[in-house]
Amino acid sequence: MTINQQQDEIIEEFADIDDWMDRYAYIIDLGNALPPIDEKYRTPEYLIEGCQSRAWLHADLTPDGKIDFTADSDAIIVKGIISLLVKVLSGHTPDEIMNSELYFIDKIGLAEHLSPTRSNGLAALVKQMKLYAVAYKAKLDSLK
C-alpha cells in the first residue's frame with residue numbers, strides 16, 4: 001500500500017467519527033495498540049526535541065531498502081498520533097518518505113484540534129522521520 005493509500009484509509013476511518021471526543025478516544029485506542037519501543041531506544045538520544053511530552057523514535061533500514069519506524073510516548077494522545085505516522089510511513093523507501101506530503105493530518109482535522117505545543121511536537125516528529133529517511137538514503141547511495 002502506498003503512503004497516499006494509507007493516508008486515504010485513515011481519512012476514511014475518521015470520516016465515520018463526527019464527534020471530536022470520539023476521535024480522541026479512537027486516537028487513544030490506536031496509541032494503546034502501538035507495539036512498545038525496545039527499552040534500549042527509550043534514551044535521550046532517541047527523544048524527539050520540541051515535543052512537550054516525552055516521545056521516542058527509532059528507525060531501522062530493512063534488507064529490501066525500506067524503513068521501519070518504532071516509537072513511543074509517555075502521553076497517550078501523542079502515542080496515538082505517533083501510531084498514525086508510523087502506520088503511514090513505515091515500510092516505505094527513503095525516497096517515498098522524503099517526498100511524501102502528509103495531508104491526512106489536515107484532512108482528519110487533527111492539526112486544528114491540537115494545542116500549539118502538541119502541533120510543534122507533531123512537526124518535530126514528522127521532521128525526524130524525514131531526517132531518518134535522508135540519512136538512510138545517503139547510506140544506500142554510498143553502497144551503490
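In this predicted model, Q6 sits within helix α1, an element that covers residues 3-15. Is the residue buried or exposed there? Its relative accessibility comes to 11%, and since buried means under 20% relative accessible area, Q6 counts as buried. Once the neighbours within four places in sequence are set aside, the contacts of Q6 are with M1, K87 and V88.

Moving out from this residue to the whole chain, the fold is made up of 6 helices and 2 strands. Read from the N terminus, the order of these elements is α-α-β-β-α-α-α-α.

The overall dimensions can be considered next. The C-alpha trace spans about 50 × 30 × 25 Å along its principal axes. Among contacts in the chain with a separation of 6 or more, 63% join residues 24 or more positions apart.

Turning to burial and surface, 46% of the 144 residues count as buried, Q6 being one of the buried residues. The chain exposes about 7800 Å², and 52% of this area is supplied by carbon and sulfur atoms. As for charge, the chain carries 14 positive and 24 negative side chains. The centres of these two sets lie 6 Å apart.

Note on methods. Residues numbered from 1 in each chain as written. Predicted model: local features only at pLDDT ≥ 70, side-chain atom pairs only at ≥ 80, totals over all residues. Heavy atoms only, no water. Helix = DSSP H or I, 4+ residues; strand = E, 2+ residues; numbered from the N terminus. Buried < 20%, exposed > 50% of the residue type's maximum accessible area, 1.4 Å probe, protein only. Contact = heavy atoms within 4.5 Å. Areas by Shrake-Rupley, 256 points an atom, 1.4 Å probe, with all protein chains shown as cover. Lys, Arg positive; Asp, Glu negative; His and termini not counted. Charge placed at Lys NZ, Arg CZ, Asp CG, Glu CD.
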